[in-house]
Amino acid sequence: MRKRGVLVISHGSREQAWVDLVDNAIHQLPLRGDLPVAASFLEIVEGRLIQDGLNQLESQGVTDILVIPLFVSLGSTHVNEIAYALGVIDAPSFDSDLAPFRVNARIHYGSPIDQGPFVAEMIWDKAKVISRNPEQEVLILIGHGSSYDSFRQRWEQGMSQLVEQVREIGGFAAGDYALLRPDNVRSKVEYWQKERGMQVIAAPFFLSEGYFIREVIPKRLEGLSYLYSGKSLLPHPLLTRWIGQQVQVWLNVGK
């Protein structure tokens, strides 16, 4: 007999508030009572690492696991190395030190957040609080990025689509994106502010609030004039809906 379960994997943080935001989004899943669901973290959160989540589900008799990589971009190296460590792909696309996990269940690998209607609505909901006159503003979406060219290109592809989706929803005059790796955040904001004479709305593209949103981005933009929400995707009910939609599609395929 097949028994299905879901494992949601995110990065993890030393800040309990970061972990709580992820947990709260998963705990609100309406499907939770119907199938086992576990939330695990790539690192830092001891006792709740990926192997712990796999063990938890398999101890409940789960034979098929949908793994949802709760990272914001297809360009995240973590999405790639976790796929390798779970046996989904034969080798990582970079020199990863993540060892293969012990797993007996069949793994079905889901998709990271990346872009789409739900994601765009989440970004807009956080940005609209500080937007004053969208038709005269430029929205600049700021993400982590990658030092690897192939992964950076995936970041750029997803963010270029996402920022256009948010621009259309919010009615912004223009939209752009910037990455912390390689760093072009300051140059992008300076271009739109000084050369184009537009009010900049800087919108962070991170799952949960922490060091990058509170410290890294403001430091990169120190001395410039811009509006900044300082808000991550979480908390937002649409992220729970995004997870639930991916789970429901997977459940329906097997019927």
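Analyst: Happy to; here are the terms, each set against its definition. This is a predicted model, where local features need pLDDT of at least 70, side-chain atom pairs count only at pLDDT 80 or more, and totals for chains, interfaces and linings use all residues. Residues are numbered from 1 along each chain as its sequence is written, and side-chain values use heavy atoms, with hydrogens and water left out.

User: Why is Arg-186 called partly exposed?

Analyst: Buried means under 20% relative accessible area, exposed means over 50%, and partly exposed is in between (1.4 Å probe, protein chains only). Arg-186 has a relative accessible area of 30%, so it is partly exposed. Its place is in helix α6, residues 185-195; helices are DSSP runs of H or I with at least four residues, strands are runs of E with at least two, and both are numbered from the N terminus.

User: Which residues is Arg-186 in contact with, leaving aside its neighbours within four places in sequence?

Analyst: They are Arg-220, Leu-221, Glu-222 and Leu-224, where contact means heavy atoms within 4.5 Å. The C-alpha atoms of Arg-186 and Leu-224 are separated by 8.4 Å, and the two residues are 38 apart along the chain. The side chain of Arg-186 also reaches the backbone oxygen of Arg-220 at 3.0 Å.

User: What makes strand β6 mostly covered?

Analyst: In β6 (residues 174-181), 6 of the 8 residues are buried. Strand β6 runs parallel to β5, joined to it by 7 bridges; two strands pair if DSSP finds at least two bridges between them. Leu-139 stands opposite Gly-175 in β6.

User: What is the volume of the largest cavity, and how is a cavity defined?

Analyst: The volume is about 60 Å³. On a 1 Å grid over the protein atoms alone, a cavity is a set of points where a 1.4 Å probe fits but cannot get out, while a pocket is an open set with protein on both sides within 12 Å along at least five of seven lines; lining residues have an atom within 4 Å of a point. Grid points are joined across faces, edges and corners, and a volume is the space filled by probe spheres set on the points. The structure holds 1 cavity of 30 Å³ or more. Helix α4 gives the largest share of the largest cavity's lining, 4 residues.

User: And what about the largest pocket?

Analyst: About 930 Å³ of space lies in the largest pocket. Of its 36 lining residues, the closest to the centre are His-11, Phe-71, His-78, His-144 and Phe-212.

Definitions and conventions:
Polar contact = N/O pair within 3.5 Å; in protein donor to acceptor, adjacent residues only side chain to side chain.
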